[in-house]
Amino acid sequence: MNQCDLAGLGLDEGGHLLVARALDAVRPGERVAVTGSHPALGLHLAAWCREHGHRIACGAQPGGGILGRTAPATTVVIKGSAGERRWHGAQRAGVAAGPPAARASAAWGLAARGALVEAGGPPIGAQWSERDHVWADIAPQLYAAAAASQWDPATAVDWTASRAAQGVPPEVERAVVQLMTYLVENEQAALIIPARLLSQLHPHYREVMQLLASQSADEARHVEVFTRRALLSGGELGTSSAGGRASLQTLLDEPDFTTAAFLLSVLGEGTFLDLLRFIADHAPDQVTADVTRLAARDEARHVAFGVAHTAHLARADRHYLGTLRQAVERRHAALRDTAGLNAEVFDALVLLAAGSWSPGAIRRGWQAVRDLQDRMDEGRRRRLAAIGFPDDEAAELSALHTRNFM
Ligand SMILES: [Fe+2]
Ligand SMILES: [Fe+2]
């Protein structure tokens, strides 16, 4: 018979851990002799055994059962089967160190990947529980890169350089404020979408969950730094156009995980990469250059996941390219009668690149924005080709992308 010596340790002082450990080593129906000198041991052991489905052997003298008694006594416990029954039907939530499962069971709920899941808990109501519909092999590395690249808006930007903004010609400053106003609106959409996808994702795909969380945190920083830059010169914010907001609303309304990631990250944020670099390159002050460069660095990760995930699903399901194509056409049709890009945003880009109102400068600014639009188009076609679209179709779809850039 297995022995368990508690010495003077009470069951209410952690002694139950030793008893449970001794019982773990035997099969149901087998016995463990529990010895101890704690005055309430017999009383506590009897109650504990009842609670956990074990029995005290008939005729056995409950040890230490007389209050005040300190001499060691032994109680024989017969192991019950409730513990075994509890884990009957339990299953592993995939493999901890391996790749995620092709399909995550709702019954796994919030259990860690690889955990032994007791049956009977509440199922998770996640909408996305199939690997191919959320996954990219690069997700773990992208999350690690995101965690290593977080920056603090308070220290990553020298806000005291606001003096620099005072040297910016007032009309160029107004152009910067208009661009920042537009960027904040777009960043807010870019924050809400990954947060919404995250809330419906099965946590079994934890690297994607972590990546979407860091993406939302990135966008929260972008909202902050663009707002701070807009307010730097102490004036009012710029305008928000109905057409721009209508364009963003179509992204918010997209219900499918991959289509939403495709429209937002591949086409929208991909286009934004060129936009942010353009603003950084033509920034009239250091703060504007810094905030747009920092945001562009984060956006590159968002785009990388969007492209990798969409390509992953397109490889697993060739018909999915048709679904994506329809999504672009549907969005184009929905926005056909809207203005798309806020005209004041377009003018602000021209003026930013021009730097002044002289006709020669405006001509250069205008041309710079046309070149920007060409680069945006090239980038979209390249990413669409990486996902699997033939070149001619990639060119066609790129041309249908919203005038609002995002
Ligand atoms: Fe952003
Ligand atoms: Fe983003």
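Me: Which residues are the protein donors of the iron ion (ligand 1)?
Reply: In this predicted model, the donors lie 1.9 to 2.2 Å from the iron ion (ligand 1). In sequence these residues follow the spacing E-x31-E-x2-H-x76-E. The protein donors are Glu187 (OE), Glu219 (OE), His222 (ND1) and Glu299 (OE).

Me: What is the geometry of the site of the iron ion (ligand 1)?
Reply: The angles among its four donor atoms run from 83 to 152°.

Me: Which residue coordinates both the iron ion (ligand 1) and the iron ion (ligand 2)?
Reply: The two iron ions are 3.6 Å apart, and the residue that coordinates both is Glu219.
Glu187 lies in helix α7 (residues 170-199) and Glu219 in helix α8 (residues 206-231), so this pair ties together parts that are 32 residues apart in sequence. Glu187 is buried, and buried too is the residue asked for, Glu219.

Me: Which strands are the edge strands of the open sheet of four strands?
Reply: The sheet has mixed pairing and the order β1-β2-β4-β3. Each edge strand pairs on one side only, and these strands are β1 (2-5) and β3 (55-56).

Me: Which strands does helix α1 touch where it packs on the sheet?
Reply: Four bridges join β1 to strand β2 (residues 31-36), and the two run parallel, with Asn2 opposite Val32 in β2. Helix α1 (residues 15-24) packs on this sheet, its direction making about 170° with that of β1. The strands that helix α1 touches are β1, β2 and β4 (73-78).

Conventions. Residues numbered from 1 in each chain as written. Chains lettered and ligands numbered in written order. Predicted model: local features only at pLDDT ≥ 70, side-chain atom pairs only at ≥ 80, totals over all residues. Heavy atoms only, no water. Donors = N, O, S within 2.8 Å, 3.2 Å for Na, K, Ca; no water. Tetrahedral: all angles 85-135°; square planar, octahedral: opposite > 155°, others 65-115°. Buried < 20%, exposed > 50% of the residue type's maximum accessible area, 1.4 Å probe, protein only. Pairing = 2+ DSSP bridges. Contact = heavy atoms within 4.5 Å. Axes fitted to C-alpha atoms, helices over the stretch in contact; angles between N-to-C directions.
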